[in-house]
Amino acid sequence: MAAEAPRIREMPDLLNLCRSAPWYVRVVPGLHAGKTASIDGAWGSSSALIAATLAQACPATLLIVLPRISELDDYALDLTPYLEETPFVFPAWETLPQEHKASDAIFGARLRVLEALESATPPSVVVTTLPALLQPVPERQSRTAATREISVRENCPLEELLEWLVARGFERVSSIEQAGEFSVRGGILDVFPPDAVDPFRIEYFGDEVESIRLFDLQTQRRIEDVESFRLLAVAPVGTSTTAVGEAPDETPAAQTFADLGESCLVDSLPQGSWVILAELADLVSEGRVYRDRLVNPRGLFSTESVFARCQQFATVTVAAISDAADELSVHLQTESIERFTGKRSQVLEELAEAVEQDEQVLIACHNAGERERLQEL
């Protein structure tokens with residue numbers, strides 16, 4: 001008697017089916033051995049399903065690289081239902097390097113991913129785009145040099161700390177509203193590090209730190225008291241040696257990113273990580289278009305340099321259509337049904353034509369309301 005097909009009740013149940021699929025059995029052992037692979041036939045959101053399945057097998061962090069900035073949020077949304085934890089998203093600046101500020105939310109998001117990758121428990125999945133990788137990040141050494149540990153009962157003169165913050169691009173305001181800002185009222189310092197989710201309030205007694213607390217930016221209410229915290233005051237790329245209010249000079253051709261204290265996010269991936277390059281042909285063309293749009297692309301990594309870094313890890317290209325001939329190449333039996341719209345009777349007829357007698361149909365809904373409506377239909 002044939003084994004009964006497993007019941008699919010939730011999106012993560014699909015991962016069990018994928019782990020027994022021929023593509024998985026062929027590709028995953030190769031990635032563990034450090035080989036490169038290519039998977040085609042990955043139409044639409046099936047790419048996210050493949051990525052989630054590989055994430056479960058990856059011994060460290062799975063980095064997913066998409067071609068375009070506009071694809072980032074939707075892909076992360078497709079990926080989330082399959083994972084136990086929300087994937088980290090590493091965004092790209094959409095402004096010129098000389099316009100970057102420590103108060104920009106993009107800067108904070110990039111720093112949080114960077115710090116997470118270098119922590120004792122790095123994230124299992126990071127989703128990003130090629131433009132985001134072309135843009136350098138402050139290397140670990142420069143971030144360490146721009147970090148101070150602030151502790152209760154520590155002797156930490158307020159004026160000295162304020163000078164230190166200003167020298168690193170923080171903006172003094174009457175009341176903080178975003179990361180990269182600080183404000184002072186008497187012996188109270190409010191400071192919002194760019195990599196933090198909530199700001200800190202430091203109360204002084206003379207030159208001694210009397211208390212430290214996290215507080216809610218909107219309500220000003222205390223979230224929790226802490227004994228210490230790491231105050232990261234690193235400047236955005238291209239502004240590390242620039243005084244406040246001045247535009248950064250062009251990088252001399254002889255200088256390298258290492259000279260400027262900058263690196264690529266890929267350099268921070270933990271050992272044993274895997275990289276998914278989604279739609280390789282689009283990645284190459286988008287990298288060229290992105291750099292060509294800039295009047296002066298100096299200060300960005302080249303697409304070739306980013307790919308070379310990615311290939312230091314086990315790498316798999318995933319695409320809807322591909323002519324890649326890697327060490328391990330597999331084709332998925334996936335078909336696009338973008339025509340699947342119209343009246344209910346037409347939809348049911350199309351469904352009947354597309355499905356074989358012994359096949360299952362699984363329809364995913366974004367929320368309970370959609371599911372109830374589908375059940376009614």
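The crossing of α3 and α4 is right-handed, a label used when the near helix is turned clockwise from the far one by less than a right angle. This is a predicted model: local features need pLDDT of at least 70, side-chain atom pairs count only at pLDDT 80 or more, and totals for chains, interfaces and linings use all residues. Residues are numbered from 1 along each chain as its sequence is written, and side-chain values use heavy atoms, with hydrogens and water left out.

The contact is made by S47, A48, A51 and A52 of α3 and by Y75, D78 and L79 of α4. Contact means heavy atoms within 4.5 Å. These residues divide into 5 nonpolar, 1 polar and 1 charged. Here Ala, Val, Leu, Ile, Met, Phe, Trp, Tyr, Cys and Pro count as nonpolar, Asp, Glu, Lys and Arg as charged, and the others, Gly among them, as polar. The axes of α3 (residues 46–57) and α4 (residues 72–79) come within 9 Å and cross at roughly 60°. Axes are lines fitted to C-alpha atoms, for helices over the stretch in contact, and angles run from 0 to 180 degrees between N-to-C directions. The two helices are therefore oblique to each other. Under 35 degrees counts as roughly parallel, over 145 as roughly antiparallel, 65 to 115 as roughly perpendicular, and the rest as oblique. Helices (H or I, at least four residues) and strands (E, at least two) are DSSP runs, numbered from the N terminus.

**The parallel sheet.** An open sheet of 7 strands has the order β3-β4-β2-β15-β16-β1-β17, with parallel pairing. Two strands pair if DSSP finds at least two bridges between them. At the edges are β3 (88–90) and β17 (328–331), each pairing on one side only. Neighbouring strands are turned by 20° against each other on average, direction ignored. Helix α2 (residues 22–32) packs on this sheet and touches β1 (37–40), β15, β16 and β17. Its direction makes about 155° with that of β17.

**The mixed sheet.** Another open sheet has 6 strands in the order β7-β8-β9-β10-β11-β12, and its pairing is mixed. β7 (171–172) and β12 (222–226) each have a single partner strand, so one side of each lacks a neighbour in the sheet. Helix α8 (residues 158–167) lies across β7, β8, β9 (188–191) and β10 (200–205), at about 155° to β8.
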